[in-house]
Amino acid sequence: MNKTLKVLLASVITVSASAAMASDNWENSSALNWKNGDGALCWRDNNWTPATAAPGCDGWLGKKADGVSQSKITLQADTLYDFDKATLKPEGKATLDKIAADLSKIKLEVIIAVGNTDSVGTDAYNMALGQRRAQSVKAYLVSKGVDGSRIYTESKGKSNPVASNATAEGRAKNRRTDIEVVGTAAVK
């Protein structure tokens with residue numbers, strides 16, 4: 001086979017494979033999602049989010065009903081953490097206790113916890129600190145009975161400030177964890 005034909009064939013295969021993927025979960029040639037050994041988890045690409053999950057896969061948000069409830073909560077670090085720490089403070093645990101209690105009122109679909117930091121420190125350090133903060137929220141909610149497979153964590157590090165990092169007050173506002181809760185409320 002000549003080189004031009006090989007390149008053309010490879011590009012056709014690549015285009016057809018990417019066009020066949022309607023979600024960010026991997027599919028085989030029969031359009032079945034690839035799953036792990038026990039069939040509980042679907043394989044994902046690096047663009048995966050709960051919104052792009054395939055139907056029937058873990059994390060899929062499903063079709064929204066009339067009773068859908070979605071809220072975003074920002075937890076400030078002065079309540080949750082000490083400076084440069086990811087260990088929850090008692091005030092932060094009390095806030096998360098209230099969230100865990102409120103979750104019993106809905107059919108939980110997903111929780112996304114995003115750790116943020118101020119601009120003090122390197123990018124790499126702040127990304128890791130933000131991830132540790134998000135993981136501490138997840139671990140605490142799991143200890144309160146929330147299904148850990150429904151909680152996704154990520155870090156924005158210092159890339160998503162809500163206030164100026166030029167002042168101590170601004171930096172304190174940027175040290176936070178954002179929590180997004182999506183669930184279906186019972187229709188009365």
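Reader: Where in the protein is confidence lowest, and where is it highest?

Author: The model is a predicted one, and its confidence is lowest in helix α1 (residues 3-20), with a mean of 38. Confidence is highest in α4, where the mean is 95. Over the protein the mean pLDDT is 76, and 73% of the residues reach 70 or more.

Reader: What does the model have for residues 4-21?

Author: Over residues 4-21 the pLDDT stays under 50, and the model has 5 contacts for them beyond four places in sequence. Where pLDDT is low, predicted coordinates should not be read in detail.

Reader: How many helices and strands does the protein have, and which pattern does it follow?

Author: There are 5 helices and 4 strands. Along the sequence they are arranged as α-β-α-α-β-α-β-α-β.

Reader: Why is arginine 176 called buried?

Author: The relative accessible area of arginine 176 is 1%. Buried means under 20%, so arginine 176 is buried. Its place is in strand β4 (residues 176-185).

Reader: What makes the pair of arginine 176 and asparagine 160 a polar contact?

Author: The side chain of arginine 176 reaches the backbone oxygen of asparagine 160 at 2.7 Å.

Reader: Why does arginine 175 count as buried?

Author: Arginine 175 has a relative accessibility of 16%. That value is under 20%, so arginine 175 counts as buried. Arginine 175 lies in the loop between α5 (168-174) and β4, and its side chain makes a polar contact with the side chain of aspartate 118 at 2.6 Å. Of the 188 residues of the protein, 32% count as buried.

Reader: Which residues of the largest nonpolar core touch the most other members?

Author: In this core of 19 residues, they are Leu96, Leu103, Ile111, Leu141, Val146 and Ile179. At least two residues of the core come from each of α3 (90-103), β2 (106-116), α4 (123-143) and β4. Another core, of 5 residues, lies apart from it and includes Ala53, Val110, Tyr152 and Val182.

Reader: What makes such a set a core?

Author: The members must be buried and joined through side-chain atoms within 4.5 Å. In soluble globular proteins, nonpolar side chains tend to be buried together.

Definitions and conventions: Residues numbered from 1 in each chain as written. Predicted model: local features only at pLDDT ≥ 70, side-chain atom pairs only at ≥ 80, totals over all residues. Heavy atoms only, no water. Buried < 20%, exposed > 50% of the residue type's maximum accessible area, 1.4 Å probe, protein only. Polar contact = N/O pair within 3.5 Å; in protein donor to acceptor, adjacent residues only side chain to side chain. pLDDT = per-residue confidence, 0-100. Contact = heavy atoms within 4.5 Å.
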